[in-house]
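Please take a look at the structure below. The report that follows goes through it topic by topic.

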Amino acid sequence: MIWFRADASIQTGSGHVMRCLTLAKQCRAHGADVHFFCRQTVGNLFSFIVKEGFQLHSFPQLADNRIETPHEMLEYLANHTSPDWLIVDHYGIDYTWEAPIRKQIGNLFIIDDLANRKHDCTGLLDQNLQPNMEYRYIDLIPNGSKLFLGPSYALLREEFYKERVQLRNRTGPIRRILVSFGGSDPTGESRKALCALREWSNPDFQVDLIAGSLNPDTEWLISQAQATAHIKVHRFTDRMSSFMAQSDLAIGAGGSSTWERLYLGLPCAVIVVADNQLTMTEEAAKHQLCWSLGNSANVTADGIRSWVKTQLDDPRESLVMSRNALAHMPLVKESDVSPIIQFLKGGKIP
């Protein structure tokens with residue numbers, strides 16, 4: 001049995017739960033009984049987790065978004081079958097919470113990308129591209145803990161592997177742009193991008209704007225797009241890999257979607273919408289894997305428009321980035337994703 005501890009909300013977005021779902025499906029495919037433990041928050045993904053076929057256990061929301069204490073979690077554990085693994089993806093949890101839990105159940109796996117706090121864990125995944133990756137956690141985890149570092153361990157849904165196998169070769173002009181800022185888009189980047197792109201009226205030019213399920217601006221975006229022939233707003237989609245494969249260029253946030261875009265060779269301008277995205281975005285830009293437009297607070301519709309015009313006028317740089325991305329994220333089979341799965345199996349799975 002494997003338990004996942006992760007939350008989603010309008011403030012924190014859906015990324016933690018979504019990447020846990022990706023790993024959860026791989027665990028289930030290898031025979032594990034998988035359960036999710038999540039807080040009741042505004043913007044939780046409870047219905048989606050259940051729709052994906054997983055057992056869900058919910059905790060009441062606490063004041064000031066407080067996390068439950070280790071004692072509270074252990075009390076809950078006492079009333080359920082103890083898991084073989086607890087997998088935690090939560091910025092509010094550190095070793096003070098983890099230590100007593102690990103003492104009780106033995107195996108604890110952390111998904112993190114901040115490297116800003118100590119962990120008491122059996123293994124840890126940080127799938128992001130960072131400078132000096134091998135040293136980031138050297139004083140933050142116990143000796144003997146297994147580290148999985150870098151985008152070669154990126155948690156990609158099976159749909160991305162299927163699209164990669166049949167991926168077209170991008171060779172021509174930019175005809176289709178994808179705009180997507182995750183589940184909630186708390187800084188309103190979709191608004192900026194729509195304002196930047198709605199002035200073009202070329203019938204050969206198309207924009208797909210994905211409004212995530214937690215995006216508060218969805219109705220406004222739809223109403224504004226109705227006045228244009230070339231922009232289509234899509235509510236939450238389960239075909240993101242298809243949109244990425246069909247697009248020539250993208251505008252989006254950092255985080256897990258960065259590796260999805262790179263895996264499908266989609267050149268992208270990244271707007272940093274959270275502090276934890278800054279270093280990885282700058283590192284990816286340094287390797288010519290994406291463009292960094294900087295922090296969201298400094299990005300304007302005019303700035304986005306100017307960048308798009310540059311790419312439309314001369315797509316050669318975008319084609320170079322596409323080739324760089326595919327070389328950096330080599331094709332693997334879904335069944336190969338998992339040194340992580342093999343590691344979990346070594347600690348008993350299911």
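## Cysteines

By the distance rule used here, the count of disulfides is zero. This is a predicted model. Two cysteines show the reasoning. A disulfide needs two cysteine sulfur atoms within 2.5 Å. For Cys27, the closest cysteine sulfur is in Cys20, at 9.8 Å, so the two are too far apart for a bond. For Cys268, the closest cysteine sulfur belongs to Cys290, at 6.9 Å, and that is also too far for a bond.

Are these two cysteines buried or exposed? Cys27 has a relative accessibility of 0%, so it counts as buried. Cys268 has 2%, so Cys268 counts as buried too.

## His119

His119 sits in a loop. That loop runs between strand 5 (108-111) and strand 6 (123-126). The relative accessibility of His119 is 3%, so this residue counts as buried. The cut-off for buried is under 20%.

Which side chains make polar contacts with the side chain of His119? One is the side chain of Glu98, at 2.8 Å. Another is the side chain of Asp112, at 3.4 Å. Now leave aside the neighbours of His119 within four places in sequence. His119 is then in contact with Ile93, Asp94, Tyr95, Glu98, Ile110, Asp112, Leu124, Leu140, Ile141 and Pro142.

## Ser184

Ser184 is found in the loop between strand 8 (176-180) and helix 6. Its relative accessible area is 4%, so Ser184 is buried.

The side chain of Ser184 has a polar atom that lies 3.2 Å from the backbone oxygen of Ile10. Ile10 is also among the residues that Ser184 touches, not counting those up to four places away in sequence.

## Glu189

Glu189 belongs to helix 6. Buried or exposed? Glu189 is buried, because its relative accessible area is 0%. The side chain of Glu189 makes a polar contact with the side chain of Lys192, at 3.1 Å.

Not counting residues up to four places away in sequence, they are Phe181, Ile271, Val273, Ser296 and Val299. Take Ile271 as an example. Glu189 and Ile271 are 82 residues apart along the chain, but their C-alpha atoms are separated by 8.1 Å.

## Helix 6 and helix 7

Helix 6 covers residues 189-197, and helix 7 covers residues 218-225. Their axes come within 10 Å and cross at roughly 5 degrees. Angles under 35 degrees count as roughly parallel. Helix 6 and helix 7 are therefore roughly parallel to each other.

Which residues of the two helices meet? Helix 6 brings Ser190, Arg191, Leu194 and Cys195. Helix 7 brings Trp220, Leu221, Gln224 and Ala225. By class, this contact has five nonpolar, two polar and one charged residues.

## Leu331

Leu331 is in the loop between helix 12 (316-328) and helix 13 (339-346). Leaving aside neighbours within four places in sequence, Leu331 is in contact with Arg164, Val165 and Tyr263.

How many residues apart along the chain are Leu331 and Asp64? They are 267 residues apart, and their C-alpha atoms are separated by 43 Å.

Technical notes
Residues numbered from 1 in each chain as written. Predicted model: local features only at pLDDT ≥ 70, side-chain atom pairs only at ≥ 80, totals over all residues. Heavy atoms only, no water. Helix = DSSP H or I, 4+ residues; strand = E, 2+ residues; numbered from the N terminus. Buried < 20%, exposed > 50% of the residue type's maximum accessible area, 1.4 Å probe, protein only. Polar contact = N/O pair within 3.5 Å; in protein donor to acceptor, adjacent residues only side chain to side chain. Contact = heavy atoms within 4.5 Å. Axes fitted to C-alpha atoms, helices over the stretch in contact; angles between N-to-C directions. Parallel < 35°, antiparallel > 145°, perpendicular 65-115°, else oblique. Nonpolar A, V, L, I, M, F, W, Y, C, P; charged D, E, K, R; others polar.
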